Each structure stands twice: as structure tokens, then as C-alpha cells.
Amino acid sequence: MNSRRFGFIAIIIIVLFSVVVSIGKVKQPPLLIVTSMLATTIAVATPLTLGALSGVFSERAGVVNIGIEGMMLTSAFFGWLGAIYMYHVFGFNNGISIVLGLIFAIITGGLMALLHAVLSITFKVDQIIGGTVINILAIGLTGFLNRQLFFGKNSFFGGSVPSSPGVLPTLHIPITEIFAPICSSEACLQGINAINRVFDQKPVAISAILLVFISHYILFNTRWGLRTRAVGEHPKAADTVGINVIKMRYANVIIGGMFAGLAGAYFTIESVPSFEPLLTNGRGFISLAAMIFGNWTPIGAWAAALVFGASQAMLINMQIFRDVIPPQWAFLQESYIVGLTPYILTMFILTGIIGKTTPPAADGVPYEK
Amino acid sequence: MKKLYFIMAMLIVASMILTACGGAASEADCAKPEVFCVGLVTDVGKVNDKSFNQSAWEGVQKSQADGVADVVQFIETADAKDYAKNIATFGDAGYDVIVTVGFNLGEATFAAGAAYPNVKFIGVDQFQAWQFSEDTADDSANVTGLGFPEDNAGFLVGALAAMMSETHKLGAVCGTDVVPPVWRFGEGYKAGAAYADGMNGTTTEVFVVYHSDVGFDKTFTDPEWGAQTAKSMMDQGADAIFGCGGLTGNGAITAAAQAGKYAIGVDADQYLTLPEAAPRMLSSAMKLITPGVAELAAAAKDGSIVPGNFLGTAGYAPFHDLDGEVSAEIKAEMEKINAGLLDGSIKTGVSPVKP
């Protein structure tokens, strides 16, 4: 991911924000608009970022993974189900149930990825078909179990959904407490409070940001990362120098699955404490777009996910400020026009106008000795 | 390689079986005249959506409990292109009444009305435009649209929210404004807040956001989007959130409840159907769907049903846990507004469709 593309992404985000601020400033103070939009951007980008990281690990090791959507959906279901079981059947308290639910979600993601790995690495199934199987399986499995466990006549929970133990609490990062004493002016204090509001996020959202940088370090600065990239670029060469290609691919696909599992947990353990069939709504596919947009790098994928998040924040705010939109900007009221932004950008990127997009050389090719 | 194909085949078959599970066929013979069967086809979504499909299905179940229907059954629509197919399943099985839920099924229901002239159709939330056209060639003889004054329902909760709000900022997170009933909820909400402002001399700002940026299949089924949108409104000071639009709205309601703000439901009394949000559930803008469907099903049995538009009633749900927070004056005021809307002395001023 080159600096040119980062600059392009930064400009897009700034443009999206400025449009909203210039329209909304008659109703709300600009600082409030910007912090509110940034908070929305980060939250919306969370599952996309994690999904994209899932893709980065898998594809850097040479396994195409279009099953991220299915992995997310399954993990969202089993994480939520696990939390409810722990809470109602085993009688744990709220906090422990939620944390166990989170762990369940991550394990589920790993297991779904293991299935994908078995299909695509051991049995050398076409990886697009393998991923499609995962997506279809996820829809069927979660929809079926959701109905059987909660809504059937003799179902386990007796025909209704029991109350869930709740969601992860907002993490308060003490930015104000730490930096306020250094401040001498009122403006500085306001700024710090604003930054604090942006980062008043929940644990998965915060960990997604940290994981971006951890993943970057692992992929580009460790032996493990070098080996991962080697088996994705030229597995034969890697094998010649003694790297176990099969093992590396399995491990990375499963790690990727666990990222998707965490993304699934975002939906049912962090955002809304309920499961609805198909609740991931194609976000797994959008994260694939973010991964390509970011040229198969963690930080690039994150930046791309933020563009998707920012355009959603803009969409919401354009409607909030609908009645003060000047007539010459009236087309912005049509939410689908703004909603198209990230997809049009993705197409632009893929045409190669802003730097070249290069997938790993052995991406999607099963390894045969 | 043979083993591989076997595994693949098993996986695909297993996933298809799991996907197909759900609606099972009825045992009884609905083709017999003495067996009165009522079938329900949901909009894209589930019969347990805690909102729209569920209230209609409860109406069908009520007609069974009342002894009107002998057999009741539902089919959940998984994709918008299956509407006609799902209706035909009931039509071919000889059902006497077919209830179709939602504006989106309007066209398919109208077409099925002509294809199955002996079946009575109840279209929940389906405006029957032919009743108002000069041309009688396109009249239907067996489709009754159950409509509701959504603007009244939105008006009620809008007025309530405006009276309860401390920041004088309200939010509403809705499905798509392309669907007229959803749009009327949103506009009614604004009008209700304005009415309360006029009474109390306050100035209330109302944010209404529709999830119109995606297709019909997703606009009502995106709780995460709803939650984020509600959060964004609360970041900007809103302290009451009205969620109108299936699962998307439910996400907004739940997010508002988690943040300790007032949550307002839609269609049904969502205090009962959304336990996660119950403690902060102020009220719900109710379409009284359940009695409406049951009433029309009974009318279909005794032959008194009239094709065309049937207007049900709107209301607001009890305050439940927050009853103590709502002052006696506000309660009295709400009674007065409701009575005024029912007898027509208060008008919402909302047009039937988005201009």
C-alpha cells in the first residue's frame, strides 16, 4: 500500500466530513459533528476491519477466503447462543457469560475456518466454491438452529427468546484524566474531551484498531510473517527451504477465521444483544472489498474500512440535517447516492488509477508437491 | 478424488436441507369446504420478527383460538421473488383465506386475487389503489387491504416523546421512506412533536433517518445499522429514539435502551417482544394489526368481507416500567390526543404518500 493511495483515502474521508460540517454547522457545533461522525466511523468500520484482517491472513498465505461472511454470521450466532446458555442454563453472572460468549464466537470462527482449510488445502477444492459452501452452510445452520432452539413448539427455550445477558460495556479510556492537567487553555481542554468522546468505544472496536497494528507487525516484521507471505507468493520456494507450506496455510486460515469470529462477536456481543437471521447483511463481502482496496495489507485494509465507515456516518448525518441542506446540494438527500461512494471508489482503485493492486502470487492456487 | 466429491456433495446437500427447513406442509385437507383454513405469507423476514409479521401471525392464531379457523399455517418468505410462489402454495392447497403481510406483497397479492377467485385475500398494510380509479376493469373482487392510520400512531408517540424529552431533541430510525406507511410514521412523529411544542411552548428538534440506501430486502433487517444510527443521534443530544422499521428499528430501540434513553417501539407493544429494551421502553406506536386480521378473517368466514380498503385503528402502548416517570398531566394529555385523533378533531396533516 503506497502513500499515494493513503493520501487518496485521507482526502476522501476529509471531503466526506467537510460536506457534513459545512451543511450541519447551522444546527450543531462543528466539533460535535466531527466527533460524533468519527465515533460512528470507527464503530461501523469495526466488523469490516476485522473481516478484512481475516482475509489478509488467509490470502497472504495463499488461500482465497470468500467465506468471511458465513464465518461472521455463524460466530455471531454461536457467541450469542453461548452467552445465553452460560447465563440461563449454567447460571453464570452477566459479565462472565458475555466474556464466554465472546470466546465461543472466536472459537466458532476458527472452526469454520478449519472446515475451509480442510476443503481448500487438504482436498484442494476450488477455493471460491469452498467459500460459497461456507456461506450457504452458515445461513442454513444459524437459521435452522435459531428456529429449533427458540421458536419450535417443544424447543429448548420453550418458544421464546430468553433475555440475553447484555452486551460488552463501553471502555472508558482515561484520555481526559491523563492529559487535562497538561492543558492550559480552554480550547485544549475541549479538544481533549472531544478526542475522549471519539474513543469511548466498546472493547471489540478498540481491539480491532490494536489488532491492525499487531497484524502489520506480525506480517512484515517477524519470521512467522515472512513465512506466511512466502507460502502465499511462491510456495515451492518456501518448501525448498524447509517451510511446511501445508501447516503455515492451515494456521493462517484458522487465525483469519478467529478474526472473523471476533467480527461476528461485534454484532451480537457488542452492538445489539440479539440474533436475527442474516444479520451480517453482506458486511463480510464489503470487508473483502476493503482488503483489496487496501492491497492485502492490514493498515491499508483498515483505512479502506474507515472510508466505508465514514460514508455511512455521512449518510446518517445528511439525513439528520436534511432540512438545512441548500437546494443546490439537494441530491445529497438521496441517500443511495452517498451510499454508492465506497463502491465507486473500490471500482476506481481496481482499475489501477491510484497505484497498482497486486494480490499474492499464489493466492487461490492449491499447493501440490 | 471420489471421496472429495462425496464430502462436497454431502456438505451442499446438508446445507440445502438446513436452509429449506422451516415451514412444514399442513396435514389437514384444506380443499374440503367444511375445513376453514387461513394461511399467512410473511414479507422477507421471519414470523418471529418481534414486529410486523409476528403481530399478523398472532391475529391469525387468534382467529384459530376464536374458533373461526380450523387450520392455520405460515410460510416465511426468504426472497422477494418468492412472493407469488408462496401465495400460490396456499392457493393450490385450497386455503380459504390468505393473509399476506406487508406493502411489498401488494402486487403479488392482487395478481393472486385474480388467479384464485374463490380465496379471500387479506393484505396487511396494502393500499388498494384500484378502489379510487375510474376504470372498473382492474377492480378486485376478493382482495381486502388492511390499512392503518400510521401518521396517528407516529403522532401519538411523537407528542409523548416531545413532552418527555429534556434535551428537546428526538430521533427516529426507520426503514425506507419509499414505503408510504413507514414514511407516515416518521412524518406523524414530527407532527406530534410539533403539536406538543405548540401546547407547551417548547422547541423540539426531530431527527428522522431512513435506511433507504440499500435494497428492500435489507432495509428492514439491519439491526446493527439501526443501533449505529441511533447512537449517532444520541451523540448529538437526542434523548428519545423511535425505531420504526422491523429489525433495523429494533436495533435502534435496543441501542437507546442500553444508553439509558427513552426507547419507543413500533407496530406492536414492543415492551413484550423486545426484552433487551424493556426497562427503557417508553411506549410503542401501535398498529392494532392483531385484532384487525382476526376481524377480517371472521368477516371472510361469514361472507361479510368487502374488497377494497379496510382501515384499522392505531394506538400507543402502555408505559410499563416507566409508568412512574410519566406524569399524570402527560398521561391525561395523551388520552386527550388519542381521543382527538380518533374522533377527527386533531389532524396530523400528513398526506397518504410522500409528495
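Predicted model: local features only at pLDDT ≥ 70, side-chain atom pairs only at ≥ 80, totals over all residues.
Helices here are DSSP runs of H or I with at least four residues, numbered from the N terminus. The 23 residues of α13(A) should span 33 Å at 1.5 Å a residue, and its end C-alpha atoms are 33 Å apart, so the two agree; the expected span is 1.5 Å times one less than the number of residues. Of those 23 residues, 22 are buried, so α13(A) is largely enclosed by the rest of the structure. A residue is buried if 20 or more other C-beta atoms, placed from the backbone, lie within 10 Å of its own.

I turn next to the nonpolar cores, each a set of buried Ala, Val, Leu, Ile, Met, Phe, Trp, Tyr and Cys residues joined through C-beta atoms within 7 Å. The largest has 171 residues, and Ala290(A), Ala161(B) and Ile241(B) have the most contacts inside it. Its largest share, 15 residues, comes from α13(A). A second, separate core of 41 residues includes Val47(B) and Ile305(B).

Finally, the two chains. Contact, meaning C-beta atoms placed from the backbone within 7 Å, links 40 residues of chain A with 36 residues of chain B. On the side of chain A that touches chain B, α5(A) gives the most, with 10 residues.

On conventions, residues are numbered from 1 along each chain as its sequence is written, while chains are lettered from A and ligands numbered from 1 in the order in which they are written. Local features need pLDDT of at least 70 and side-chain atom pairs count only at pLDDT 80 or more, whereas totals for chains, interfaces and linings use all residues.

Technical notes. Contact = placed C-beta atoms within 7 Å. Helix = DSSP H or I, 4+ residues; strand = E, 2+ residues; numbered from the N terminus. Buried ≥ 20, exposed ≤ 12 C-beta atoms within 10 Å, placed from the backbone.
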